[in-house]
Amino acid sequence: MAIMNTQLGTWLMLDHVLTHNFDVEIVTQYSIEGKHRYTYAEMAERTFQLMNALDELNLDRGARVGTLAWNNYRHLECYFAVPCTERILHTLNARLAPEDLLFIINDAEDQVIFVEPELVEVLEKIASSIPSVRLVIVMGDESTVPKESQFKIISYETLISRQPTIYAYREIDENTPAGLCYTSGTTGQPKGALYTHRSTYLHAIACGSAAGMSIGPSDAVLPVVPMFHANAWGMVYAAISVGAKVVFSYPHLHPESFVKLLQDEEVTITGGVPTVWIQIADELRRSKVTLPHLREIVSGGSQPPKPLIARYRDEFGISIVQAWGMTETSPLASIARPKHHLKHLSKDKLLDNVLSQGGIPLPGIRIELRDDQGEEVPFDAQSMGNLYVRGAWVVDSYFKGRSPESFTSDGYFATGDVAIGNQDGYFVIADRTKDLVKSGGEWISSVAMEGAIMGMEQVLEAAVVAVADEKWQERPVACIVLKPNATITLEQVKDHLLTHGFSKWQLPDRIEIIDAVPRTSVGKFDKKVLRSQITN
Ligand code: ADP
């Protein structure tokens, strides 16, 4: 071979930390007022302690280690300690209802779970039904461990306290699994996307590149997107691999302190779903705070409204860059940056043709639009096509072989998104075939909700559709056909859903009593027609 065969992976990032970026800062805002700060060097020492501790637990290679955690430095240490010791980091979505967590933990067969003190209660609720879990580690000091627990339980600080702060480099084959993240299924059965060391590294480099989120050593990066959500869109690995300062914000968005954090820590790049930027825009207007250091906001997860992009540009002088991706694509697959010859378009044209688009694919990612017969659909600014994707950080199957129909015989992944491509080579998400509602960046399965509502004795049929919402982008509306002479209230529906595996934030804000659910030619619920009926 003519080129050194360096194995790509999380170790490569950690190595760089030790050699070159030891003095860079990592800041965690752990309450509205309080902050924790340390350097990359201290992060590495504690990560090594955790690696030694994980080895002492005698976990097998490939064992799944769950985290039920917010964005903070301990979670970051897990991001490295778990894969660098050849175990698989399984980030659990802290917003899920206990029933969904139970399914996911059992499917992944997590052996250990790291959990935030405030989330221990959630795990205790399902303790008797997750037999694979043999140890729970509370992410705090000894005082955060509950007096009574159904688990063998220990604090994070006690676990690592007496461990050595060094760890010998371990060569790991780059195709070894490193991370596992579940995505919502339309039928309520989430599916796991398994990332390798290689895919994680390549994604981090592409994500950090100027064609991606453009993250370098001069940046301070604040991922608002949760670390349990598609690895915080890879922003954390991208930032660490290039030695950028990392800032974690308090998980329960508090606009005033969030804006202050951006200001005080001189954040240059931040990323999250449009719902966050809608709230922050109001705060920026109210407080009149300016953010001269903030170069860019990356917005993804759903489409940011055009007026929001324009408002940030014109009122605050901050650019919003739209990205598209999925848990299955690690997640960043495309981002909408103007090409050189498009930079001088008029403001309106730039907004229409570039900034409001889902993007152009990152290098290494290939996308195609195809019609229902599999024929390629042209990029002509009007034809819609099903969006297919392939590339070095796109899954080629789901964990345990779920949903094989999502993968084509010619090596593409069927995203379930419907897109329109324009003549400049950009594409935008126009619709989706997956039966899901996306509220504030998190999924609600409409099929699961319909099933639950149809279990109510008053109900003959129910269909749940997403309707546009100013704050949350989408909210579910339950359309119900009642049995003869029956009546129902919104409160009854909500109470029923709460006791059937749904979280409070998922509950519909509105029900509509309808005579019949419109159907397609093959007899399926026609949600397009239904949506237009209830929004007109
Ligand atoms: P994430 O929300 O972190 O990108 P998910 O796997 O939860 O990852 O959701 C992926 C889905 O979110 C996509 O298939 C698409 O339906 C939607 N989505 C993501 N980015 C965009 C975007 N820029 N515009 C429209 N929809 C988007």
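**Exercises on Salt Bridges in a Predicted Model**

At 25% relative accessibility, Arg313 is classed as partly exposed. The model examined here is predicted.

**Exercise 1.** Determine which residue Arg313 meets in a salt bridge, and classify the accessibility of that partner.

*Solution.* Step 1: the side chain of Arg313 meets that of Asp314 in a salt bridge, with an N to O distance of 2.9 Å. Step 2: a salt bridge requires a distance within 4 Å, so the pair qualifies. Step 3: Asp314 has a relative accessibility of 47% and therefore counts as partly exposed.

**Exercise 2.** Locate the two residues of the salt bridge between Arg74 and Glu157, and state whether each is buried or partly exposed.

*Solution.* Step 1: the side chains of Arg74 and Glu157 form a salt bridge of 2.8 Å, N to O. Step 2: Arg74 lies in helix H3 (residues 73-84) and Glu157 in helix H6 (residues 156-161); the two are 83 residues apart, and the pair links distant parts of the chain. Step 3: buried means under 20% relative accessible area. Arg74, at 15%, is therefore buried, whereas Glu157, at 21%, is partly exposed.

**Exercise 3.** Classify the accessibility of Arg366 and of Glu368, whose side chains meet in a salt bridge.

*Solution.* Step 1: the N to O distance of this pair is 3.3 Å. Step 2: Arg366 has a relative accessible area of 45% and is partly exposed. Step 3: Glu368 has 10% relative accessibility, so Glu368 is buried.

**Exercise 4.** State how many salt bridges the whole structure contains, and name the residues linked in a network.

*Solution.* Step 1: a search of the whole structure gives 38 salt bridges. Step 2: a network of salt bridges joins Glu25, Lys35, Arg37, Lys245 and Glu265.

Terms used. Residues numbered from 1 in each chain as written. Predicted model: local features only at pLDDT ≥ 70, side-chain atom pairs only at ≥ 80, totals over all residues. Heavy atoms only, no water. Helix = DSSP H or I, 4+ residues; strand = E, 2+ residues; numbered from the N terminus. Buried < 20%, exposed > 50% of the residue type's maximum accessible area, 1.4 Å probe, protein only.
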